[in-house]
Amino acid sequence: NCYPGLACPAILLSQEAEGWNWSGMAGLQYHPFRGAGVVRPFLTLGGGLRQSRFSWPERNDWGVVSSGHAETTGALQFGVGLDVRVGGMPIRFEVVDIWTPEGVAFNSPDIPEGPSSLRPPRRGARHDLNVSLGWVLALG
């Protein structure tokens, strides 16, 4: 079911598409245990912005004109990790969830908000799990 003036995923699924995501986060780390032990666990909490962009060849099928979609929204970051000292360099292992709240997908300004059965389709809330392994560089 497509709304007039909105991109319809059923029409676009058969098209070559390009997707692009970026997020910029700022956060705090909390080390619950003091000292210079070999293993130091930490918690991460932060916030920032996430942008998703999709583009596909321009189409004009069944009254739907579409060539792309972009959305920028706020996001929260929660995570846990470990710094493990190997030699003189700490190795970091971190697992972070970036949560993005529900958003309006393929919104058209000529369709007013209404009851849930009448409003345009929405993108659901999203969780992205990032797992990283690296080392910590001490500057200074």
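Author: A salt bridge is a side-chain nitrogen of Lys or Arg within 4 Å of a carboxyl oxygen of Asp or Glu. The model discussed here is predicted, so local features need pLDDT of at least 70, side-chain atom pairs count only at pLDDT 80 or more, and totals for chains, interfaces and linings use all residues. Residues are numbered from 1 along each chain as its sequence is written, and side-chain values use heavy atoms, with hydrogens and water left out.

Reader: What makes D83 and R92 a salt bridge?

Author: The closest N and O atoms of D83 and R92 are 2.7 Å apart. The limit is 4 Å, and therefore the pair qualifies.

Reader: Why is D83 called buried?

Author: Buried means under 20% relative accessible area, exposed means over 50%, and partly exposed lies in between (1.4 Å probe, protein chains only). D83 has a relative accessible area of 9%, and therefore counts as buried.

Reader: Why is G37 called partly exposed?

Author: The relative accessibility of G37 is 37%, which lies between the limits of 20% and 50%, so G37 is partly exposed. G37 lies in the loop between β1 (18-30) and β2 (39-61); strands (E, at least two residues) are DSSP runs, numbered from the N terminus.

Reader: How many salt bridges does a search of the whole structure find?

Author: The search finds 3 salt bridges. One of them joins R50 to D128, with the closest N and O atoms 2.5 Å apart. R50 lies in strand β2 and D128 in strand β7 (residues 126-135), so this pair ties together parts that are 78 residues apart in sequence. D128 also forms a salt bridge with R126, at 3.0 Å between the closest N and O atoms.

Reader: Are R50 and R126 buried or partly exposed?

Author: R50 is buried, because its relative accessible area of 8% is under 20%. R126, at 22%, is partly exposed.

Reader: Why does E94 have no salt bridge?

Author: The nearest side chain of opposite charge, R92, is 5.1 Å away from E94, and the limit is 4 Å, so no salt bridge is counted. Here Lys and Arg count as positive and Asp and Glu as negative, while His and the chain ends are not counted. E94, found in strand β4 (residues 89-100), is buried.

Reader: What makes the pair of E94 and T44 a polar contact?

Author: A polar contact is a pair of N or O atoms within 3.5 Å; within protein, one must be able to donate a hydrogen and the other to accept it, and residues adjacent in sequence count only if both atoms are side-chain atoms. The side chains of E94 and T44 make such a contact at 3.2 Å.

Notes:
Helices (H or I, at least four residues) and strands (E, at least two) are DSSP runs, numbered from the N terminus.
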